[in-house]
Amino acid sequence: CHWIEEQKGQGGKIVVWGAGVNGRVLLKYIGEKDLRIFGVVDSDEEKQNVVISGYKVSRPELMAKKADYIMVTSKKVYQEIEDIAAEWQAEVVNALDMVL
């Protein structure tokens with residue numbers, strides 16, 4: 001993915017939103033590309049506080065507000081996150097578009 005390669009060394013705070021299957025795959029890929037991210041968030045309380053690929057999953061409002069980029073791993077919540085991210089002045093990146 002070109003976007004991930006471009007982010008290396010840029011210093012932007014990248015948050016992955018989604019700790020399900022897609023999020024886990026994305027985190028594995030990011031790890032293989034040596035891109036460090038700021039954190040992982042999920043609105044599902046059952047996924048919060050779980051550690052995935054070395055990242056503790058947080059509530060979105062704790063971490064995503066500080067993000068420069070939010071990588072969304074779920075199609076069904078993309079629009080909702082895009083609306084929220086506009087308030088937080090973060091750029092939303094559709095992770096699914098990177099692999100399709």
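Two strands pair if DSSP finds at least two bridges between them. Helices (H or I, at least four residues) and strands (E, at least two) are DSSP runs, numbered from the N terminus. This is a predicted model, in which local features need pLDDT of at least 70, side-chain atom pairs count only at pLDDT 80 or more, and totals for chains, interfaces and linings use all residues. Residues are numbered from 1 along each chain as its sequence is written, and side-chain values use heavy atoms, with hydrogens and water left out.

## The sheet

Strand β2 (residues 39-41) and strand β4 (residues 55-58) run parallel, joined by two bridges. V40 has V57 of β4 as its bridge partner. Both strands belong to an open sheet of six strands. Its order is β3-β4-β2-β1-β5-β6, and the pairing is mixed. At the edges stand β3 (51-52) and β6. Each has a single partner strand, so one side of each is left without a neighbour in the sheet.

Helix α2 (residues 21-32) packs on this sheet. Its contacts (heavy atoms within 4.5 Å) are with β1, β2, β3, β4 and β5. Axes are lines fitted to C-alpha atoms, for helices over the stretch in contact, and angles run from 0 to 180 degrees between N-to-C directions. On that basis, the direction of α2 makes about 150° with that of β1. Helix α4 also packs on the sheet, touching β1, β5 and β6. The direction of α4 makes about 155° with that of β6.

## Helix α4

Which residues of α4 (residues 78-88) are buried? They are Y78, I81, A85 and W88. They cover an arc of only 75° around the axis, which puts them on the same side of α4. The arc is that of the directions from the helix axis to the C-beta atoms. An α-helix has 3.6 residues a turn, so residues three or four places apart point the same way. Buried means under 20% relative accessible area, exposed over 50%, partly exposed in between (1.4 Å probe, protein chains only). The cover over the buried residues of α4 includes β1 (14-17), α3 (60-63), β5 (69-72) and β6 (91-94). Exposed A86 and E87 sit on the face turned away from the buried side.

## Nonpolar cores

A nonpolar core is a set of buried Ala, Val, Leu, Ile, Met, Phe, Trp, Tyr and Cys residues joined through side-chain atoms within 4.5 Å. The largest one holds 18 residues. V16, I30, I37, V40 and M71 touch the most other members. At least two residues of this core come from each of α1, β1, α2, β4 and β5. α2 gives the largest share, three residues. Apart from this core lies another, of 14 residues, among them V15, I70, A90 and V92.

Leaving aside neighbours within four places in sequence, V40 is in contact with V16, G18, A19, L27, Y55, K56, V57, S58 and M63. S58 lies in strand β4.

## The aromatic pair

A search of the whole structure finds one aromatic pair. Rings of Phe, Tyr and Trp (its six-membered ring) pair if their centres lie within 6.5 Å; planes under 30 degrees apart count as stacked, over 60 as edge-to-face and the rest as tilted. The pair is W3 with Y69, edge-to-face, at 5.3 Å centre to centre and 80° between the planes. It links distant parts of the chain. W3 is in helix α1 (residues 2-7) and Y69 in strand β5, 66 residues apart.

## Loops and accessibility

Two residues other than glycine have positive phi values. D34 has a phi of about 60° and is found in the loop between α2 and β2. Q89 lies in the loop between α4 and β6. K75 has its place in the loop between β5 and α4. K75 and H2 are 73 residues apart in sequence and 20 Å apart in space, C-alpha to C-alpha.

The table gives accessibility for residues named above.

| Residue | Relative accessibility | Class |
|---|---|---|
| W3 | 15% | buried |
| S58 | 15% | buried |
| D34 | 67% | exposed |
| K75 | 68% | exposed |
| Q89 | 71% | exposed |
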